[in-house]
Amino acid sequence: MRLQPYRGKVLSVFESAVNIQTEFGIVSILSNIDCLHPFSCIVGAIQPFPRLNIHVGDEVILADEAIQFPASDLAIDVSTALDLELSVDVMVNLFIPIDLAIRMRHLKRVIESSAEPEDMSALILDDRSNPYCELIRPRMAALSLAVKEQNLEACREAAASISGCGIGLTPSSDDLLCGYLSAYAALSLSLGRRRERILELTREMAFAAAQHTTELSAAFLLQSGEGLVSEDVFQLLRCIFSDIAYPMLTGYATKVASYGSTSGTDTLTGIYLAITQQYGGTDID
């Protein structure tokens, strides 16, 4: 069945990405990248988007056959695009591996090698500190406790207090929360917890956090609350909660670390914190 076209507006334009605001969330058009994100599509060889006369506020028409930018006469054919499900719900055979602590060491090494002075990695690296992390540290402790106790109201309050802090187009603390929510969902599924209960918690935390940050960051938080992740994060979580070889885990973690100026490292830090704080068998110190 063909759907009626949706209409949206360009929210932001970058060299390799256009983000479109729609009634069902952010849709991203990506180029020069080999990693899908939720509600995105990757196009082949194309000029940098700013050269294509695409501007913030332009109307976009999204249909089954094409995504059209009437103001710039650009149309992207999506009629033969392949669909890829990027939800933790479709990760099969997840389990807690006996070597989970070792897997977390591999993840931490990638975080150490990609860390920047102002990112959230100082939350887990003893030799680093910055004002953002010192502000966030007690709030992350409150979030960890609230999640452990399954206290929904406390989870909302803690998530809201963390969001919107740090550098970047998507503030660092939001990227941290996205990683945390995604890893918590995967960990919980690995432990056999009910998906409905997991989703209730992550949705509520994401919604609370989304009220206190930028429009783009809020959209990514809401996606994470639904268990939606990038293709690389999807594969990384599969590597963590399985017996997949360590080099693959390191490879996907390294790809995630390359996202943005600090976004990838912040996301990895959130993944690391969710697993080490919420599961007792990962003490690596």
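A crossing of two helices counts as right-handed if the near helix is turned clockwise from the far one by less than a right angle. In this predicted model, the crossing of α2 and α4 is of that right-handed kind.

Helix α2 covers residues 131-149 and helix α4 covers residues 172-190. Their axes lie 13 Å apart, and the packing angle between the two is about 20°. Angles under 35 degrees count as roughly parallel, so α2 is roughly parallel to α4.

Which residues of α2 and α4 make the contact? On the α2 side these are Ile136, Met140, Leu143, Ser144 and Val147. Helix α4 brings in Ser173, Leu176, Leu177, Tyr180 and Tyr184.

Asn32 sits in the loop that runs between β3 (25-31) and β4 (40-43). Its phi is near 55°, which is a positive value in a residue other than glycine.

Asn53 belongs to the loop between β4 and β5 (59-62). Here too phi is positive in a residue other than glycine, with a value near 65°. Is Asn53 exposed or partly exposed? With a relative accessible area of 40%, Asn53 is partly exposed.

Key
Residues numbered from 1 in each chain as written. Predicted model: local features only at pLDDT ≥ 70, side-chain atom pairs only at ≥ 80, totals over all residues. Heavy atoms only, no water. Axes fitted to C-alpha atoms, helices over the stretch in contact; angles between N-to-C directions. Helix = DSSP H or I, 4+ residues; strand = E, 2+ residues; numbered from the N terminus. Parallel < 35°, antiparallel > 145°, perpendicular 65-115°, else oblique. Contact = heavy atoms within 4.5 Å. Buried < 20%, exposed > 50% of the residue type's maximum accessible area, 1.4 Å probe, protein only.
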